[in-house]
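The following note comments on helix packing, pockets and backbone geometry, point by point. Please read it with the coordinates open.

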Amino acid sequence: SNIQATSTTSTVEINEVGMDGLVEAFCGAAVAISEAFWKNGGKPHSEDDAYPQAACDAAYEEAVAALTGAYNYPDPVLFKPTLTTAQFTFRPTMEGALSYFIGTDCLLKSGNDGAQFPPGNDGSAFREFGFALANYRTHTGLSDCHWAPDSYVTGNNVGVAQGKVIFERTEGTTSVVDKTFSFGVYRSGAVVITGHHSSLDIGAEQSTQYTFDDAEF
C-alpha cells in the first residue's frame with residue numbers, strides 16, 4: 001500500500017525538534033496507556049479477571065488517541081515492534097498496532113467490530129499481553145519513558161531519527177530499546193510517524209564487535 005502521508009502538495013520542514021516531539025509523544029502515550037489500565041482495575045495477567053472491561057476501555061481510548069495522533073494510522077505504518085515474532089512480526093495496520101500496545105484481551109473487549117488481530121482472531125489461536133500495559137512476566141505497569149536521540153536525517157516532508165528509548169516500570173526494572181523512526185506528512189498536513197523499528201539494546205557479549213580496553217574514542 002502507498003503511504004498516504006506523502007500525498008500532500010505542501011512542503012513541510014521536518015526537523016529535529018519536531019521529530020523529538022513525536023517520539024516523546026510516543027513515550028508519554030505508552031505510560032498513559034499503562035496508567036489507564038492499572039488505575040481502572042487492571043490486574044496481573046495470572047490473576048482471575050485480569051483484564052476488566054473498565055481497564056481495557058481506558059487503555060484502548062488512550063492507545064487509539066496516540067496511534068491516530070502521532071502515527072500515520074489508519075493508513076499504513078511500517079511498524080516493527082520490539083518483541084514480536086513470525087508470522088506476526090510486522091504491524092502495518094491499526095489493528096496490529098493496537099494488539100501490540102494493549103494486548104489481545106483488551107482489543108477483543110474494547111475494540112470496534114472487526115478490530116481483531118490477526119483478522120478473525122478470538123484469542124484461541126493467538127494471544128499477546130500488550131507491551132504498553134506492561135502486564136507480562138512479573139511486570140505490573142510502566143512508570144516513565146525517556147527518549148535519548150542519537151542522530152537524524154532532516155528534510156522537506158521526510159525525516160528519520162534514531163536513538164534509544166528507556167522504559168521504567170513500577171517494580172523498579174528498566175529496559176533500553178534501540179529505535180528508528182521515519183516521519184512524513186499526513187493528508188491533514190500534520191507531521192506523523194510513518195515507520196517505527198524497534199530492537200533490544202544488547203550487551204557486548206551478544207554483539208559482533210569488540211573494543212580494546214585502552215582504546216579512546
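1. In the classes used here, Ala, Val, Leu, Ile, Met, Phe, Trp, Tyr, Cys and Pro count as nonpolar, Asp, Glu, Lys and Arg as charged, and the others, Gly among them, as polar. By this scheme the lining of the largest pocket has 8 nonpolar, 4 polar and 4 charged residues.

2. The model is predicted: local features need pLDDT of at least 70 and side-chain atom pairs count only at pLDDT 80 or more, whereas totals for chains, interfaces and linings use all residues. Residues are numbered from 1 along each chain as its sequence is written, and side-chain values use heavy atoms, with hydrogens and water left out.

3. The largest pocket holds about 290 Å³ of space. Its lining comprises 16 residues, and those closest to the centre are L83, T84, Y100, E128 and F129. On a 1 Å grid over the protein atoms alone, a pocket is an open set of points where a 1.4 Å probe fits, with protein on both sides within 12 Å along at least five of seven lines; a lining residue has an atom within 4 Å of a point. Grid points are joined across faces, edges and corners, and the volume is the space filled by probe spheres set on the points.

4. The second largest pocket has a volume of about 250 Å³. Strands β5 (159-169), β6 (174-185) and β7 (191-200) each provide at least two lining residues, and β6 gives the largest share, with 4 residues. By class, this lining has 12 nonpolar, 4 polar and 3 charged residues. Helices (H or I, at least four residues) and strands (E, at least two) are DSSP runs, numbered from the N terminus.

5. How do helices α1 and α2 pack, in angle and distance between axes? Helix α1 (residues 16-39) and helix α2 (residues 53-69) meet at an angle of about 165°, their axes being 7 Å apart. Axes are lines fitted to C-alpha atoms, for helices over the stretch in contact, and angles run from 0 to 180 degrees between N-to-C directions. The two helices are therefore roughly antiparallel, a term for angles over 145 degrees. The crossing of α1 and α2 is right-handed, that is, the near helix is turned clockwise from the far one by less than a right angle, anticlockwise being left-handed.

6. In the contact between α1 and α2 (heavy atoms within 4.5 Å), A29, A32, I33, A36 and F37 of α1 meet A55, C56, A58, A59, E62, A63 and A66 of α2. This contact has 11 nonpolar, no polar and 1 charged residues.

7. Helices α2 and α3 (residues 94-110) also pack at about 165°, with axes 9 Å apart, and are therefore roughly antiparallel. Their crossing is left-handed. Residues of α2 in this contact include C56, A59, Y60, A63 and L67, and those of α3 include M94, A97, F101 and L107. The contact divides into 13 nonpolar, 3 polar and 2 charged residues.

8. Most residues other than glycine have a negative phi, and most peptide bonds are trans. A cis peptide bond joins A86 and Q87, with omega of about 10°; Q87 is in the loop between β2 (78-80) and α3. Another cis peptide bond joins F117 and P118, with omega of about -10°, and P118 lies in the loop between α3 and β3 (142-153). D49, not a glycine, has a positive phi of about 50° and is in the loop between α1 and α2.

Methods:
Parallel < 35°, antiparallel > 145°, perpendicular 65-115°, else oblique.
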